[in-house]
Amino acid sequence: MSAITNPIARPPAAWSLPNRGKVGMACLIFAESAIFTIFVVAYLYYVGKSLTGPTPREVLETPIFFTICLLSSSITIHFASRFLEHGKRGAFLGLWFLTIVLGGLFMYGTAQEWHRLIYEHGLTISTNLFGTTYYSLVGLHAFHVTAGLLMLSIVLLFGLAGHVDRNQSVRVEVLSLYWHFVDVVWVVVFTVVYVLGR
């Protein structure tokens, strides 16, 4: 007679709900990605179809320095949130401030480019199809960077007042996800506008 072994029943692993902030931010990023996709497709569809100038090849200059600034800000915000998670408030505040400076430099570069395009080349949103799609796509991204800078600045002010510590590290990480999103979107916009679209 053979003995039948019954496997020991293990209790199911405990499951906890994911962080609401991260889920909410993931949903926001998904929705915003859909909007950006529409604008990118429109830009690519209409590129080269303007009946009058100026054209991208004639007026666009590749913003390498300002792109490096924005992409570097993803590194600084990542380490800032890690420092806060480990309770190092001073390092967090320093890197958070540096993130804001890098984002601000990027916006300064965008403002300079727009000023040059408008006043030196006469390219406005109503000049031609290129102007319409360019300002729509780059302007949508600039709006998201500006919103991000506003949120980062509010966190910095609360941090300087002593109201941001390790207990808020998850919330800070959620905000950093948004900032990473605008950086990734810029990689797409940069590629479409300054590489493929010229």
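**Entry 1**

I looked up Phe65 and found it in helix H3, residues 64-85. The model is a predicted one. Is Phe65 buried or exposed? Phe65 counts as exposed, because its relative accessibility is 51% and the cut-off for that class is over 50%.

Next I asked which residues make up the nonpolar patch on the surface. I noted Phe65, Phe97, Leu98, Val101 and Leu105. Together they have about 430 Å² of accessible area. Helix H4, residues 89-119, gives the largest share of this patch, with four residues.

I then picked Leu105, which lies in helix H4. Leu105 has a relative accessible area of 31%, so I logged it as partly exposed. A patch member needs over 30% relative accessible area, and Leu105 has 31%. I also checked the spacing of two patch members. Phe65 and Leu105 are 40 residues apart along the chain, and 9.4 Å separates their C-alpha atoms.

**Entry 2: The cavity**

How many cavities of 30 Å³ or more does the structure hold? I recorded one. The space in the largest cavity comes to about 50 Å³.

I listed its lining: Pro63, Phe66, Phe106, Gly109, Thr110, Glu113, Val138, Trp186 and Tyr194. Which helices each supply at least two residues of that lining? They are H4 and helix H6, residues 169-196. H4 has the largest share of the lining, four residues. I noted that H4 also gives the largest share of the nonpolar patch.

**Entry 3: Arg116**

I stayed on helix H4 and went to Arg116, which has its place there. Is Arg116 buried or exposed? Its relative accessible area is 12%, so I put Arg116 down as buried. The cut-off for buried is under 20%.

What does Arg116 touch, leaving aside neighbours within four places in sequence? I found contacts with Val59, Leu60, Glu61 and His121. One of these, Glu61, is also a salt-bridge partner: its side chain meets that of Arg116 at 3.8 Å, N to O. I placed Arg116 in helix H4 and Glu61 in the loop between helix H2 (56-59) and H3, so this pair ties together parts that are 55 residues apart in sequence.

**Entry 4: The other salt bridges**

I counted the salt bridges in the structure and got four. Side chains of opposite charge can pair when their charged atoms come close.

I looked at Lys22 and Glu173, whose side chains meet in a salt bridge of 3.5 Å, N to O. This pair links distant parts of the chain, with Lys22 in helix H1 (residues 20-46) and Glu173 in helix H6, 151 residues apart. Lys22 is partly exposed, at 33% relative accessible area.

I then turned to Arg82 and Glu85. They form a salt bridge, and the closest N and O atoms are 2.9 Å apart. Where do Arg82 and Glu85 lie? Both are in helix H3, three residues apart, which is about one turn of the helix. Arg82 counts as partly exposed at 24% relative accessibility. Glu85 is partly exposed too, with a relative accessible area of 35%. Which residues do salt bridges with shared partners join into one network? I wrote down Lys22, Arg82, Glu85 and Glu173.

Key. Residues numbered from 1 in each chain as written. Predicted model: local features only at pLDDT ≥ 70, side-chain atom pairs only at ≥ 80, totals over all residues. Heavy atoms only, no water. Patch = residues over 30% accessible without salt bridge, like charges linked within 9 Å, V, L, I, M, F, W, Y side chains within 5 Å. Areas by Shrake-Rupley, 256 points an atom, 1.4 Å probe, with all protein chains shown as cover. Buried < 20%, exposed > 50% of the residue type's maximum accessible area, 1.4 Å probe, protein only. Contact = heavy atoms within 4.5 Å. 1 Å grid on protein atoms, 1.4 Å probe; cavity = no way out; pocket = protein on both sides within 12 Å on 5 of 7 lines; lining within 4 Å. Points joined across faces, edges and corners; volume = space filled by probe spheres on them.
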